[in-house]
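Colleague: Please put the model on screen. I have some questions about how its parts pack.

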Amino acid sequence: MTGKEVLEKKGIKKDNIVGIKVGKKIFDLLTSLPKDVLDELEKAIEENKLDSSNSNVRLIRRDSPDGLDIMRHSCAHALAQSVKRLFPETKLSVGPTTEVGFFYDFYRPEGFSEEDLKKIEEEMKKIKGENLPIRRFELTKEEAIKLYEQKGETFKIEILKEIEDNVVSFYEQGEFLDLCRGPHVPSTGMIGAFKLTSISAVHFRGDEKAPQLIRIYGVAFADEETLQNYFKQLEEIKKRDHRKLGKELELFMIDEDEIGPGLVIWLPKGAKIRRKIENFWLKIHEKKGYNLVYTPHIAKINLWKTSGHLDHYRKFMFPPMEWDKEDEKERKEEARDFERSIGYGGEKTPYQLKPMNCPFHIMIFKSKTRSYRDLPFRLCEFGTVYRYEKSGVLHGLLRVRGFTQDDAHIFLKIDQIEEEVSEILEIIKEILSMFGFSEYMVFLSTRPEEKVGTDDEWDFAEESLKKALEKSKLNFEIDPGEGVFYGPKIDLKIKDVLGRVWQCSTVQLDFNLPRKFSAFYIDSDNQRKPVYIIHRAIFGSFERFFGIFIENTAGNFPPYFSPIQCAVISVKENSQDYASFIYNLLLENRLDCELDLETGERLSKRIRNWEVAKVPFMIVVGEKEKEEKTITIREKGGSIKTLSIEEGIKYILSKCIIE
RNA sequence: GCCCAUGUAGCUCAGAGGUAGAGCGCCUCCUUGGUAAGGAGGAGGUCAGGGGUUCGAGUCCCCUCAUGGGCUCCA
C-alpha cells in the first residue's frame with residue numbers, strides 16, 4: 001500500500017502533502033510502504049499525532065525543506081518531459097535537485113538556445129497544467145536495460161549498469177517515464193513556481209573524456225512569491241558585487257587587454273585601505289615576535305626544482321623566463337651536469353616567477369646556523385606570488401593570477417607546535433574580528449594516503465593541532481584524509497552577512513620542505529635536528545580578502561579602514577577659511593580627509609556626492625559654525641550634530657583611529 | 001581547458017544592413033547655496049581586435065582576445 005492510498009483510506013486531506021517522513025527516512029506518496037512503516041503510519045493517524053512535533057511519523061508539506069526537495073525533483077522530470085516533447089531525439093542522462101532548484105543533463109550535440117529554453121519552460125508550465133498523475137513502478141535491471149535499448153537511451157543504460165540492486169524503480173507521468181529512485185510529488189500539478197535559469201556544458205559523470213552533455217538549470221519554490229524573493233536576494237548579491245563597487249568607489253581595476261587578465265591594479269583609494277589593513281596586521285605580528293622580510297619576485301629555476309614545486313606545482317606556474325635564442329648556446333655551455341633542460345648556475349640560467357614564498361623564507365632560515373634558542377623563528381611577509389590559473393576560473397578579485405599573501409613561516413621544534421598554533425589561532429580571531437567576521441567554520445584535515453613524514457610525526461602533529469583547537473574554544477570538524485601530503489592543516493572559513501562562506505585562513509604543517517632544503521637547527525645536545533615549518537596566512541590573499549570585505553560591507557567600510565574618513569565642506573565662500581582650518585586640524589591628527597570648497601554646486605549636491613562615495617563622516621561649516629567655533633558633523637546616513645571643535649574632533653577620532 | 005551568453009563614450013546602457021545615441025561623470029559659464037541630484041553650453045567613439053560577405057557592416061559570417069554564468073580543476 002502507498003502513502004497516498006493510506007491517506008485516502010483514512011480520509012485525510014492531502015492537498016499540500018507530498019510525502020511521509022518516518023524518523024529520517026523519506027517516502028513519497030507513490031511508493032509502497034514497508035510493513036513496519038505502514039503500521040507506524042496507521043498508528044500515528046489513529047492517535048492523531050501526525051502533525052505533532054514530537055511524532056516520529058510526519059507528513060511532508062510541499063513548502064517544508066523536505067517537501068521542496070521532492071517537488072524540485074519532480075520539476076527535473078517535468079523539464080525532461082518537456083525536452084522530450086519538443087526535441088524527441090534528445091537523450092536523457094540524470095536530473096537531481098540542487099540547493100534552490102534542479103537540473104537535468106541531456107545529450108544533444110546541437111545544444112539548446114535561449115529561445116529553446118523559453119519554449120521548454122512554456123511546455124513545462126503546460127505539463128504542470130495538465131496535472132498528470134505520477135505513477136511509480138519497479139522493473140528488474142534486465143527489463144529496464146531492455147526497455148532503454150528499445151528507446152535508444154544509451155546514457156540510461158550506462159547508469160543502469162552501475163546500479164547494484166537488481167530491482168530498479170521508474171516514475172511515469174503521461175507519455176514520459178524515467179529511471180529514478182524518487183521521491184516525487186503525486187501529480188505534475190503539484191510542482192511549484194519555477195524558472196529555467198541557465199544552460200551549461202558538463203561531461204557525463206564529470207569525466208573529461210566522456211561525451212559532453214548539456215545541463216539545463218532551474219530554480220523552484222513553493223509559490224510565486226518565494227520565487228520572486230529568491231530573485232530579489234540575487235539582486236542584493238549583485239548590488240554588493242565587489243567588481244561593481246570596486247569600479248564605483250574607485251578601489252581597484254583589472255585591465256585585461258593592456259595589462260593582463262587576473263592582474264590587479266590597486267587604485268589610490270583601494271591602496272589606502274590596503275595600507276591601513278597592512279599596518280594594523282603588522283603591528284599585531286610584530287608584537288607577537290614575527291620578523292618582517294621582503295623577498296624577490298623571481299628566482300633561478302633551480303630553487304623551484306629543489307623545493308619540489310617544479311614537479312608538483314608546475315601547471316600553476318607561469319612559464320620559465322628563457323633567454324633569447326642567441327644566448328641558448330652560451331647557457332648550455334655554462335650548465336653543469338644538472339638537468340639539461342633546466343640549466344643551472346650560469347649567468348644565462350632561466351628564471352622563474354614565484355608561485356609561493358616559502359623557498360625564500362627557508363633560505364633566510366638557512367642563511368646562518370640556528371640554535372634551538374632561536375626557535376620558534378617567525379618570518380612574515382606581504383609576499384606577492386603569481387599563479388597561472390585557468391582562464392575559466394578567473395573572477396574579479398576572488399580568483400586572480402597575481403596576488404599578495406599575508407604569508408608567514410614559523411620554524412620550530414615538533415614539541416612547540418601546539419603552543420605556536422594556539423597563538424596563531426588567537427591572532428586570527430583578533431584580526432578577523434576587526435572586519436566584522438565573527439562566525440567561523442573550522443576544519444582539521446588529517447593525513448592522506450600518500451604522504452611524507454613518519455606515522456609518529458603525523459600522530460604527534462595531528463594531536464598538537466587538535467589540542468590547540470580545543471584550547472582556542474573554536475568548534476571544529478575533522479576532515480579525515482583531507483590533509484595535504486606534506487602535513488596536517490587547519491582551515492578556517494568565515495561567514496559573511498549574506499550567509500556565504502569563504503575560506504581564507506589556513507595553518508599548515510610541513511614535514512617536507514625542510515627535508516628538501518636540509519634545514520636544521522643545533523639542539524641543546526649539540527646535535528643537528530630537523531626543523532619543522534608552519535605555513536600560515538590569515539587573509540590568504542589580500543586581493544581575495546578585499547573582495548570578500550567589499551561584499552560583506554557593501555562598500556560601507558568601518559571608519560578605521562575607510563580610504564576617506566571625513567570630508568570637510570564649506571557652505572559658502574565666506575566659510576572657506578574656517579573649513580581649511582578644520583581640515584588642517586584633522587590632517588594633524590592623521591585622519592584621511594578631503595576639503596570640499598566646491599562652489600559650482602549646491603550644498604545638497606555636494607553632500608550627496610560624499611554620501612555616494614560612502615564617506616563615514618562629513619563636517620559642514622558655514623557662518624554659524626565659524627562664529628560659534630563649532631563644527632556640524634553629519635554621519636553617513638544623515639544623522640547630524642553640532643559640537644565644539646575639540647569635542648567634535650575627539651568624537652571622530654575615536655571612531656577612525658585604531659591603536 | 002569545455003559549453004552558452006556578452007563586448008558600443010570614463011561609468012550604466014539603447015541602437016539589429018544606409019550620417020554613432022541617452023543618462024551620469026568630465027570641461028566652461030550662470031547660480032552664493034544650510035544637509036542625498038539648480039540651470040545652460042561643450043568636449044569625448046577605429047562600436048574589443050583581425051579577416052570575410054555586401055554598393056554599403058556596431059548590425060550578417062569566421063577567427064582571436066576578454067568578460068559573465070556554469071562545468072572541470074584547485075598537490
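Colleague: At what angle do α14 and α15 pack, and how far apart are their axes?

Modeller: This is a predicted model, where local features need pLDDT of at least 70, side-chain atom pairs count only at pLDDT 80 or more, and totals for chains, interfaces and linings use all residues. Residues are numbered from 1 along each chain as its sequence is written, chains are lettered from A and ligands numbered from 1 in the order in which they are written, and side-chain values use heavy atoms, with hydrogens and water left out. Axes are lines fitted to C-alpha atoms, for helices over the stretch in contact, with angles from 0 to 180 degrees between N-to-C directions. For α14 and α15, the angle is about 40 degrees and the axes are 8 Å apart.

Colleague: Which word describes α14 relative to α15?

Modeller: Angles under 35 degrees count as roughly parallel, over 145 as roughly antiparallel, 65 to 115 as roughly perpendicular, and the rest as oblique. The angle here is about 40 degrees. Therefore α14 is oblique to α15.

Colleague: How many nonpolar, polar and charged residues are in the contact of α14 with α15?

Modeller: Contact means heavy atoms within 4.5 Å. Residues including V421 and L425 in α14 meet residues of α15, among them L465 and A468. Ala, Val, Leu, Ile, Met, Phe, Trp, Tyr, Cys and Pro count as nonpolar, Asp, Glu, Lys and Arg as charged, and the others, Gly among them, as polar. By class, the contact of α14 with α15 has six nonpolar, three polar and five charged residues.

Colleague: Which strands stand at the edges of the open sheet of eight strands?

Modeller: Helices (H or I, at least four residues) and strands (E, at least two) are DSSP runs, numbered from the N terminus. Two strands pair if DSSP finds at least two bridges between them. The order is β13-β16-β17-β24-β21-β20-β18-β19, with mixed pairing. Each edge strand has a single partner, so one side is left without a neighbour in the sheet; the edges are β13 and β19.

Colleague: Which residue in β24 stands opposite H409?

Modeller: Strands β17 (residues 402-412) and β24 (residues 532-537) pair in the antiparallel sense over six bridges. Opposite H409 is H535.

Colleague: Is E551 buried or exposed?

Modeller: E551 is found in helix α17. Buried means under 20% relative accessible area, exposed over 50%, partly exposed in between (1.4 Å probe, protein chains only). At 6% relative accessibility, E551 counts as buried.
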